[in-house]
Amino acid sequence: MRTKLTKLALGAALALAPALAAAEGYKGLPRTFLWNPNFNAVVDTSEYAGDGPFTIGFSNASQGDGWLGTFYHSVQYGVSQNIDKIKRFIVTDANGDPTKQISDIQDLLEQDIDLLLVNPATADALDPMLGRTMRRGVPVVTVARRVESDTSFVSFVTASDTALARMSATWMAETLGGEGRVVLLPGLAGASPAEMRLQAAKEVFSQFPGIEIVDTQYTSWSPANGRQIMAAIIQREGAENIDGVWADSGLQGSGSVEAFIGAGVTGADIPPHTGGDLNGMYQLAHENGFPFAGIDYTPSIGEAAVNLSVDVLEGTPVPQRLDVNFQVVISPGHETRSISADVMLPNYVAMDRPGELIMGSGIPDYNPNTFSVDLPN
């Protein structure tokens, strides 16, 4: 059994934060740590301390979209930065199937891993398996997506889905002056980021009686799905009757913008949109000039999770939840009463880079097509 030693001290956060800060915009402690009204326990990991180098198993939910691909590269980059401490790094990919992921984890445990790093496909399906892994004495670190029970992992590494959604939904509601018809485009049904973001966004919109939710459609974080779903909504409702589109990522948000362009709505006439991560979304917002707010769910959490995993195996106390910084990016002239930009859109968008580029990788000179690092055998 692990024990909670104390509450997360500012000194511990300061030790973690600088390496995770982004190159642009806000560089302080993660605001999700500063603003959290609850205490974040520090977990005593001395029972897991051993002599390295270590064997780490990584059970990945999927590489089914651009963000997940960049996230996996960030994990690999983190391993390459700890190659003297990691002798084996065994990777499985569940292709989005929680049943396969449970089987993958069982296979990893049979290979005598020292720690399980996992991006769960779904929260409910993976929770019992991760609980059993912990009771077996193998520490679990979850990243990007979490499971339901705090006892099923040592630490969860995130960029805060709830903060991302509350800020983007607040920006949308204030941009519309508290009145308007809004479409909600969450990501993958059942995945904790999508469900937490949707719940948090609805929490915000419920405080604005003049905001009407026209429709809510899961998109699986797919640009093609975002385009197809929004095209159908435009056809049904009429583009002029949609005042804003809240997307929890630019992956599907870019598809929504393209649907409006396909319907003949262009430039600043495109309704306000939210959605970070995808450079192509930033490019569309910059080129067309519609009101836009983007917050990256930074894939650099992959590297942060590897660093934390090594700390666990060396017996270093770790926070039960590690928040990694995100940047708030807003188009010029579109800051609101509550939401200000860390960096303005023209200073963030990479117009000379591919639209498929996922922002916030934390990897120097990152190019997903040529990315390569040295990894353990």
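Which residues of α6 are buried? Select α6, residues 161-175, where helices (H or I, at least four residues) and strands (E, at least two) are DSSP runs numbered from the N terminus. The buried residues of this helix are D161, A163, L164, A165, M167, S168, A169, T170, W171, M172, A173 and E174, with buried meaning under 20% relative accessible area, exposed over 50%, and partly exposed in between (1.4 Å probe, protein chains only).

Before going on, note that this is a predicted model, in which local features need pLDDT of at least 70 and side-chain atom pairs count only at pLDDT 80 or more, while totals for chains, interfaces and linings use all residues. Residues are numbered from 1 along each chain as its sequence is written, and side-chain values use heavy atoms, with hydrogens and water left out.

**Staying on α6**

Twelve of the 15 residues of α6 are buried, and the helix is mostly covered. From its first C-alpha to its last, α6 reaches 21 Å, close to the 21 Å expected at 1.5 Å a residue, the expected span being 1.5 Å times one less than the number of residues. Step just past the end of α6 and select G177, which takes a positive phi of about 65 degrees.

**The packing of α3 and α11**

Next select α3 (residues 66-80) together with α11 (residues 301-313). Two packed helices are described by the angle between their axes and the distance between the axes. Here the angle is about 35 degrees and the axes are 7 Å apart; axes are lines fitted to C-alpha atoms, for helices over the stretch in contact, and angles run from 0 to 180 degrees between N-to-C directions. The crossing of α3 and α11 is right-handed, a crossing being right-handed if the near helix is turned clockwise from the far one by less than a right angle, and left-handed if anticlockwise.

To display the contact, show W67, F71, S74, V75, Y77, G78 and V79 of α3 with I301, G302, E303, V306 and N307 of α11, where contact means heavy atoms within 4.5 Å. By class, this contact of α3 with α11 has seven nonpolar, four polar and one charged residues; Ala, Val, Leu, Ile, Met, Phe, Trp, Tyr, Cys and Pro count as nonpolar, Asp, Glu, Lys and Arg as charged, and the others, Gly among them, as polar.

**Aromatic pairs**

A search of the whole structure finds nine aromatic pairs. Rings of Phe, Tyr and Trp (its six-membered ring) pair if their centres lie within 6.5 Å, and planes under 30 degrees apart count as stacked, over 60 as edge-to-face and the rest as tilted. F58 lies in strand β3 (residues 54-60) and F71 in helix α3, 13 residues apart, so that the pair links distant parts of the chain. F58 counts as buried because its relative accessibility is 0%, and F71 is buried as well, with a relative accessible area of 0%.

Now select Y282 and Y348, an edge-to-face pair at 5.2 Å centre to centre, with 65 degrees between the planes. Because Y282 lies in helix α10 (residues 279-288) and Y348 in helix α12 (residues 345-348), this pair ties together parts that are 66 residues apart in sequence. Both Y282 and Y348 are buried.

To see a cluster linked by ring pairs, select F58, W67, F71, Y72, F89 and Y297.

**Around α10**

Return to α10, which is mostly covered, with eight of its ten residues buried. These are N279, G280, M281, Y282, Q283, L284, A285 and N288, and the buried residues of α10 pack against α9 (250-262), β11, β12 (292-295), β15 (328-330) and α12. In the loop between β11 (273-274) and α10, select D277, which has a positive phi of about 80 degrees although it is not a glycine. D277 is buried, with a relative accessible area of 3%. Just after α10, G289 takes a positive phi of about 80 degrees.

**Last stops**

In the loop between β9 (210-216) and α8, select S220, a residue other than glycine with a positive phi near 60 degrees. S220 is partly exposed, with a relative accessible area of 36%. Finally, in the loop between β2 (41-44) and β3, select P53, where the peptide bond from G52 to P53 is cis, with omega near 0 degrees.
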